[in-house]
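Please look over the structure shown here before reading the notes that follow. They begin with the place where two chains meet and then turn to each chain separately.

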Amino acid sequence: MDGAELDKAERGARFLPSGDTALTVELGERVDRSLSAAVIDLAARIDSADLAGIVEIVPTFRSLLVHYDPLLTTANALEGQITGLLAHPTAARQSGRRWRIPACYEADFAPDLDEVARRTGLSPAQVVEQHTAESYHVYMLGFLPGYPYMGDLPDAIQLPRRESPRIRVPAGSVAIATSLTAVYTIEGPAGWHLIGRTPVPFFDLRGAPPALLSPGDTVSFEATSRDAYDRLAAEVANGGFDAASLRAA
Amino acid sequence: MSATLDVIVPGSHTTVQDLGRVGYQALGIPVSGALDPVALRLLNGLVGNAPPTAVVEFLYQGPTLEVAVDSVRIAAAGCDIDVLGDPARRFPPWQSIRLTRGTRFRLGAMEKSACGYLAIEGGVALASVLGSQSTYTRGGFGGLEGRVLRSGDRLPLAQPAAEQRGEIRLAAAPDSKPPDRIRVVLGPQEAYFTDAAIDIFLSEPFAVTKEADRMGLRLEGPALAHARGYNIASDGVVTGAIQVPGSGHPIIMLADHQTTGGYPKIATVVSADLAAVGRLRPGDPIRFRAVSRVEAEAARRALESDIERRGRNTVPAVEGNGLNQAALYASNLVSGIVNATDWPSDGKR
């Protein structure tokens, strides 16, 4: 991603009203790596500009939601200030971290793997091969605390979401849907296809920050045996696990 | 000795809430906090707390609690406080009262509001999680063990006793009746809807369905037609955003809403009207009126002045038996008598 591309994304920026406590800065409408890079870059610049009245900034696939305190600033004032920042993109910031995440794709942990295989015309082993071959970009966190939207999946294993969501799936469930993959960070309902599980805590209140990943990080999955999964799960349970051990060079 | 309020009957969805967990939405962590932040701020003033202090919130049906501390000062919104025992006494909302150890009191059913509140002088002695004591039940953190209160819980209090003073009430309690029209700012995705859908949204009545909780209110009424499909690449969601999924029936996002969402948002409730929306109950009608963003910001400033004015304007409280306690003291009619609110009401003394 070079400065010219960032510049192009930012020239298309639009301000959309989100009431009187937030302002949407939209750089595009698609799920797209270059848009995402522009969003992450703009979020960092707004953050470091330290504008009065901004409460927090939420980067998403293709826009920023700037939450503000209407007693300290106005949306019109913020639009002017952010327009000033748009004119000066910083090029090619590569601050994202790289992670290797162990995941077990064995049947107990992968209730949808057979169906995904059937619908894509692959064997279950080939689905796993496809899922572990790619390096994924973390577009954004949302839906659940620490829940990472990552992409893009290889074309061969892209499927729409499940028609009926599950009411409750365990934390650590590795899931795919459309062009994206994710890990369910806490137990809860889930509409994506579950193809594996990781013992790595993606959300931990004791962590600083509590979310393992940040937008802009890169993630790849490594297939592990059930034994390796159990050993790592035990480490997590007894406090001996260090997330830094998953960082790749 | 521990200082607690003991839960005899938990009520419905009773949780600890403050003004929310601000600054973590980029990590996918909802803000949470009181559905009616105006009530929270005014009640805290009545019991001498800083306005953002955590309170107990309950939905539709309040809890019954027992004072397990030497004395405590409380105030409620949304319902009366029924002090149980002999004689039973009833105190209206929006006034402080002081209760002593062993007293049981019930926060009754609410008829006009979905949410009620109990403020406690000094607040609760619970850990702050990411800067807030608010309970986020779906994530299982904040408040008391990240969950709703249950029978047998002992809610730890930050203060072992409440000094005696004249009890006070708001001279002008906030209007619990919802405004005729809830004000909204159109957008961010009003372009995803037909012109006819926008007209219907701003002219027709809707009603709150039973699918109403701390995450949001699903409305029923005429379906709103999308002009450009109903899936968008997820973007940020602010409290009060009105998203319209494929059914065409809008959902107003409330305190525990997800930080991002993939449905187009036709409009956003102005922050000055969020408390009124938070109080809506299933079956309640709701109509919308569009205002500009500048008007919305002005409405919020007006609300702040209103809260400040109401909070400053307190008068001596009416006693549970209908007598004005402070007036009685002033005229020396009851010289020497123990403050009525100090009497344990369970007949132990």
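In this predicted model, the contact between the two chains takes 35 residues from chain B and 40 residues from chain A.

**Where chain B touches chain A**

- On the side of chain B that touches chain A, the elements giving two or more residues are strand 16 (235-236), strand 20 (265-269) and helix 4 (293-312) of chain B.
- Helix 4 of chain B gives the most to this side, with six residues.
- Sorted by class, the side of chain B that touches chain A has 15 nonpolar, 13 polar and seven charged residues.

**Chain B as a whole**

- Chain B contains five helices and 23 strands, and its C-alpha atoms fill a box of roughly 75 × 40 × 30 Å when this is taken along the principal axes.
- A compact globule with 349 residues would have a radius of gyration near 20 Å, and the 22 Å of chain B agrees with this.
- Of the 349 residues of chain B, 53% count as buried.
- Among the contacts in chain B between residues at least 6 apart in sequence, 76% join residues at least 24 apart.

**A sheet in chain B**

- Eight strands of chain B form an open sheet with mixed pairing, in the order 21-14-15-18-17-20-13-22.
- Strand 21 (285-286) and strand 22 (288-290) of chain B stand at the edges of this sheet, and because each has a single partner strand, one side of each is left without a neighbour in the sheet.
- Strand 17 (residues 241-243) and strand 18 (residues 251-253) of chain B pair in the antiparallel sense over two bridges, and Gln243(B) stands opposite Ile251(B) in strand 18 of chain B.

**Chain A: domains and a helix**

- Chain A is divided into domain 1 (3-86) and domain 2 (98-246), and 29 Å separate the centres of these domains, taken over C-alpha atoms.
- The contact between them takes seven residues from domain 1 of chain A and eight residues from domain 2 of chain A.
- Helix 2 (residues 33-49) of chain A supplies the largest share of the domain 1 side of this contact, three residues, and by class that side has four nonpolar, two polar and one charged residues.
- Helix 6 (residues 226-238) of chain A has 13 residues and reaches 18 Å from its first C-alpha to its last, close to the 18 Å expected at 1.5 Å a residue.
- Following helix 6 of chain A comes Gly239(A), whose phi is positive, near 85 degrees.

Terms used:
Residues are numbered from 1 along each chain as its sequence is written. Chains are lettered from A and ligands numbered from 1 in the order in which they are written. This is a predicted model: local features need pLDDT of at least 70, side-chain atom pairs count only at pLDDT 80 or more; totals for chains, interfaces and linings use all residues. Two strands pair if DSSP finds at least two bridges between them. Helices (H or I, at least four residues) and strands (E, at least two) are DSSP runs, numbered from the N terminus. Ala, Val, Leu, Ile, Met, Phe, Trp, Tyr, Cys and Pro count as nonpolar, Asp, Glu, Lys and Arg as charged, and the others, Gly among them, as polar. The expected span of a helix is 1.5 Å times one less than its number of residues. The radius of gyration is taken over C-alpha atoms; the globule rule is 2.2 Å times the number of residues to the power 0.38. A residue is buried if 20 or more other C-beta atoms lie within 10 Å of its own, exposed if 12 or fewer, and partly exposed in between; C-beta atoms are placed from the backbone. Domain bounds come from an automatic or database domain assignment.
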